[in-house]
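Please look over the sequence and the structure below. The report that follows takes up confidence, chain contacts, packing, surface and charge pairs.

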Amino acid sequence: MSFPLLTATAVLPAIGAVATAAVPAAQRTAAKWLALLVSLATLALAITVLVRFDPNGGRYQLTESHAWIADFGVRYELGVDGIAVALIALTALLIPFIVLAGWHDADPLETGSRRWRPTQGFFALILAVEAMVIISFEATDVFLFYIFFEAMLIPMYFLIGGFGDRAHEHGEEAASTQRSYAAVKFLLYNLVGGLIMLAAVIGLYVVAGNFSLQEIAQARANGSLHMATSTERWLFLGFFFAFAVKAPLWPLHTWLPNAMQESTAPVAVLITAVVDKVGTFAMLRFCLQLFPEASKWATPVILVLALVSIVYGALLAVGQRDIKRLVAYASISHFGFIIMGIFAMTSQGQSGATLYMVNHGISTAAWMLLAGFLISRRGSRLIADYGGVQKVAPVLAGTFLIGTLATLSLPGLAPFVSEFLVLVGTFTRYPAIGIIGTFGIVLAALYALVLYQRTMTGPVKPEVSAMPDLRVRELLVVAPLIVLLIFLGVYPKPVTDIVNPAVKSTLSDVHKTDPKPEVEAVAK
Amino acid sequence: MENLIALLVAAPLLGAAVLLCGGRRLDAVGHWIGTLMSTASFVFGVILFADLLGKNAEHRTLIQHLWTWIPVESFQADVTFRLDQLSMTFVLLITGVGSLIHLYSVGYMEHDERRRRFFGYLNLFLAAMLLLVLADNYLLLYVGWEGVGLASYLLIGFWQHKPSAATAAKKAFLVNRVGDMGLSIAIMLMFATFGTFAFGPVLGHATDASEGKLTAIALMLLLAACGKSAQVPLQSWLGDAMEGPTPVSALIHAATMVTAGVYLIVRSGAIFNAAPDAQLVVTVVGAVTLLFGAIVGCAKDDIKKALAGSTMSQIGYMVLAAGLGPIGYVFAIMHLVTHGFFKAGLFLGAGSVMHGMNDEVDMRKYGGLRKYMPVTFITFGLGYLAIIGFPGLSGFFSKDKIIEAAFAKGGTEGWILGACALVGAAITAFYMTRVMLMTFFGEERWKNQPTRSPEAPSAEPAAEHQGEHAEPHPHESPKVMTIPMIVLAFGSVFAGFFFNLGDRFLHWLEPVTGHSEGDSPLSAATVTGATMVCLVIGVGIAYAMYGRRPVPSVAPRGSLLTRAARRDLLQDDFNHVVLVRGGEHLTRSLVYVDHTLVDGVVNGTAASVGGLSGRMRKLQNGFARSYAVSMFGGAAVLVAATLLMRAV
Amino acid sequence: MNPVNYLYLSALLFTIGATGVLIRRNAIVVFMCIELMLNACNLAFVTFSRMHGNLDGQIIAFFTMVVAAAEVVVGLAIIVSLFRTRHSASVDDASLMKL
């Protein structure tokens, strides 16, 4: 038996989490280093997965399969396709930066404060989330996926509720209240989604008799498993609802701004760049493969909701006064693009959507972490409290500008590639929706540049005048992300090469082919 | 030879990367690195030009494939460069004028502590602009298209400690984004129609597609062109863009970037030729803008804004010509090149004047400067003669051709467009004469009148004078600034004559753009005569108003039209009321809706569950007897139910 | 004699007991009423046993008696200790367990 690479990739951070939690209370720094090392080792494993994965090989590779709960046909089944590989790589890539960016976020507050901040716990929870996210990307057994999809909520709940920003305009007491509100809201939304999905998972078992994604998909494809139209639709809705909450799709989005606003910047990145991706990923893997007909049936409504997300998220981002809320609404707009790309059911749309998940992860990480550095310097999240930072901290402002430009999808940076693919993919099948989606790029420029203008330019505000520029640790976090943004913007081929075959098989699941151009004579 | 093409882009790109990432160590030499990279690019351009000249007219297209950019099934975007006569013309203009302006900026930005960064941005602009004109497919063109937008954003907002500059930069980017939206929709339409967006197949098979599709593509391209080239209705950003340093206005907002829209239309000629409705719209946009810009230019007292109005108007000419189809493509590009020379020269002259006048931009506070700045006066004067179309200078040749072509369009349209172009020529003569007279002639209104320093207190030598209300001491600019002005003045004088000698320019571009002679209802001599009459009228009125009478140093109230023109014909007010205010209200109400309605539904559910349980809680009152009642009640109900079931 | 009459008596006794539980406040009286209800049940069991001609009902009656005895022991102890601490034997005073 070969080395269980996928299991190792998920188990390593889990062991790391336990080990980090077990570091004695006095040795805070050791815990941080341990977490960083574990996350780097996980990254190494993820890169191994990336290298061992053959884009042109079988659909699911590096598979592992063991009996688990035999009575219910639950198996421990892992396997990755190109989409999963890309997202595992993204997750493993971002966690070290999140750890590094949050280096001091869980330090104990100044002496005299009653609040105790368990440093070890913070990093252990981050690693625990990583482990669960990775195994969710790997699971090809619906039940296995479901368990970790839900279990992820527990560490996330504590990360949101337990560790907020250091400074808060209304004092520690109010901050604590708002934090627990945000954490509970996060938990409730996702639990409701998860419960509905649980019903659908059970329903699927009743219909299919097992939980194996591949078996069910195969049985459905060759006709040996018949599903009544209405059954399929109900089950689809159950799955989709949970993923739409997680993604989040309008109008199930309101937990995200609260959660991102109240948590520290690295945790906010963890939410939007890593955990939320499980939702959109699962739409591609489970909704489309298990319920192809229902997916097509629901497409018009979902596309409209995605469109609403794009425009609505962008407009709300324009109206925000809080930096982190602004980023959160921007993310909602971006998730609209991802979902639009998935349900456009074209290869450009879905490849673009997968690429978008990766690029959005990187760009939001860069943007949000920089916003976090900014906030930690001034001790305020309000946009109006800043001004003229560019003059005082040019490197911070310059890198923040690149993050801003990535958010508004400037060509040459990675997000442009994916956004354009999504738009083109949507346009070829649904021109009107593609055109309205294009309005999103104007609105994105508006919210992103307004934020940049109000915080970074103009006369220097007195409170800002002593602001230090980026420190070495912070630069170490930001610089690689920016390099990646530029690299993937100029040469996205490595990612598209991995993703394209997987998208092709996903499309064949739903029996869709790309629309043909009007003038077919123009072959290259 | 093909391999040199990438170097054209790579040199300034490398310069930008080095300058922007290099940090303070490079402060001392940064400006020379920037100038060197720009010049290097120009040298490569000249080498390639010589190579092209040595080939047959049909073989003057070089293609360099670098790498596959975005491959997703049938969607194949490559990084491929195409150098043909059209892009060659642009390469020489961009790198040539660009290098001169780099040189000028060495002097102009001498006292700015962020000069290194300024040159970094300038190099970035050059790289993006060259990418724009060298791209072999529309998506790569789009990269350059937005890249120049970014460079423009950075440079307009270069003095970003001034809120007005930061706002102007943002506005420019946003308005341009609206145009970019048009370009991206056009690319999507092309992909849906042709299955590709590379120049060769799309333009080669343009006629195979239905006219409706082509019209849609063409209109979207026009929208893009309107954004980038400041054409009505997306012109509002150009005036504000004058917040940037003057070399930027000269390079980006006069000579090169704003003409990208014309390039796009001429490049996509095959599509426009097959979509006559779209062509008509293009000509209308051009005609409206050329009048609009000219009228705005007449009313501005800010020398740069007057020139900005003029730029808008001149690009209106080019767009008009481009809309005429094969009759006008070549002349659009010819005017574009000559305009690049004289307008860049004019802007550099304006910068030189400002340099000597403590950065005063109000022409009402100038006057009589010809004695103090002879070189500036002469170069500016030559640029002035060129732009109004003084016979023999470059503007004369290129503009005259456009007016002829407009008449040659034929029919009522031809007459209307031609008339617009003629009126525009008269107004051009008027406002340029006004600028000239107010700046270099008349009494010295700056004496005994301290100037304020609106532009960049820290960046300019004005910093020293500020606060003491010193009287300006007009002086000539240093050599490093005057030499580029002299070179550009040369171009303004001779370029038109040279291009027209034996229809050289026409033969050069014809293989790419195609050319046809329209049948004009008027002879060429008649058109030239009419143009001359317009010119004389315009100059005459301006002289009567500003040359013979003293210019008041505070602007008079003016007529309704003047006041409207001062405010950019109320376009900004419209934008402000409808888009800005409306947008603010929309976002604010959406924030409210999100909080109360969307979130409210969820919170409401939670609250009602909470309320229900609160009421249920009251039942648990702790009285054993009330529990007993419910027990008995429950038992009774159960018994009753059992009996009832049995009875049924 | 018709055994059904015993059932009527049992129902009557049970009702009296139930009413007592519901309307009386004194814990001792409530307690006595509960005993009354238990014994009413016993009567019904025995009657049914007689009517059906087997012993099941009588056995259950014994069980009930044992339970009642145990209940008396525990219940009286609670009432006494309650009276000691609160100086009252009213059931309504002992409502501290409410939320």
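The sections below go through the model topic by topic.

## Model and confidence

This is a predicted model. Its scores are ipTM 0.90 and pTM 0.86. For chain C, the mean pLDDT is 89. In that chain, 97% of the residues reach 70 or more. Where pLDDT is low, the predicted coordinates should not be read in detail.

## How the chains meet

Two pairs of chains touch. Chain A and chain C have no contact with each other. Their closest C-alpha atoms are 24 Å apart.

## Nonpolar cores

The largest nonpolar core holds 412 residues.

Take B:Ile271 as a case. Neighbours within four places in sequence are left aside here. B:Ile271 is then in contact with B:Tyr138, B:Met190, B:Val202, B:Leu203 and B:Ala206, and also with B:Leu214, B:Ile217, B:Ala218 and B:Leu221. Another core, of 12 residues, lies apart from the largest one. Its members include C:Val21, C:Ala27, C:Met37 and C:Ile79.

## A nonpolar patch on the surface

Which residues form the nonpolar patch on the surface? They are A:Ile486, A:Phe487, A:Val490, A:Tyr491, B:Leu66 and B:Trp67. Together they have about 460 Å² of accessible area. Two elements give two or more residues each: helix H19 (472-490) of chain A and strand E1 (62-72) of chain B. H19 of chain A gives the most, with three residues.

A:Ile486 is found in helix H19 of chain A. Its relative accessibility is 39%, so A:Ile486 counts as partly exposed.

Over all chains, the count comes to 24 salt bridges. One of them joins the side chains of A:Arg285 and A:Asp81, at 3.5 Å from N to O. A:Arg285 lies in helix H11 (residues 265-290) of chain A, and A:Asp81 lies in the loop between strand E2 (74-80) and helix H3 (82-101), so the pair ties together parts that are 204 residues apart in sequence. Are these two residues buried or exposed? Both A:Arg285 and A:Asp81 are buried.

## Salt bridges: partly exposed pairs and a network

A:Glu293 and A:Lys296 also meet in a salt bridge, at 3.7 Å from N to O. Both lie in helix H12 (residues 292-318) of chain A. They are three residues apart, about one turn of the helix. A:Glu293 has a relative accessible area of 40%, so it is partly exposed. A:Lys296 has 24% relative accessibility, so it too counts as partly exposed.

B:Glu413 forms a salt bridge with B:Lys409. Their closest N and O atoms are 3.8 Å apart. B:Glu413 is partly exposed because its relative accessibility is 38%. B:Lys409 is partly exposed because its relative accessible area is 24%.

Salt bridges can also link up. A:Glu262, A:Asp322 and A:Arg381 are linked in a network of salt bridges.

Note on methods. Residues numbered from 1 in each chain as written. Chains lettered and ligands numbered in written order. Predicted model: local features only at pLDDT ≥ 70, side-chain atom pairs only at ≥ 80, totals over all residues. Heavy atoms only, no water. pLDDT = per-residue confidence, 0-100. Core = buried A, V, L, I, M, F, W, Y, C linked by side-chain atoms within 4.5 Å. Buried < 20%, exposed > 50% of the residue type's maximum accessible area, 1.4 Å probe, protein only. Contact = heavy atoms within 4.5 Å. Patch = residues over 30% accessible without salt bridge, like charges linked within 9 Å, V, L, I, M, F, W, Y side chains within 5 Å. Areas by Shrake-Rupley, 256 points an atom, 1.4 Å probe, with all protein chains shown as cover. Salt bridge = Lys/Arg side-chain N within 4 Å of Asp/Glu carboxyl O. Helix = DSSP H or I, 4+ residues; strand = E, 2+ residues; numbered from the N terminus.
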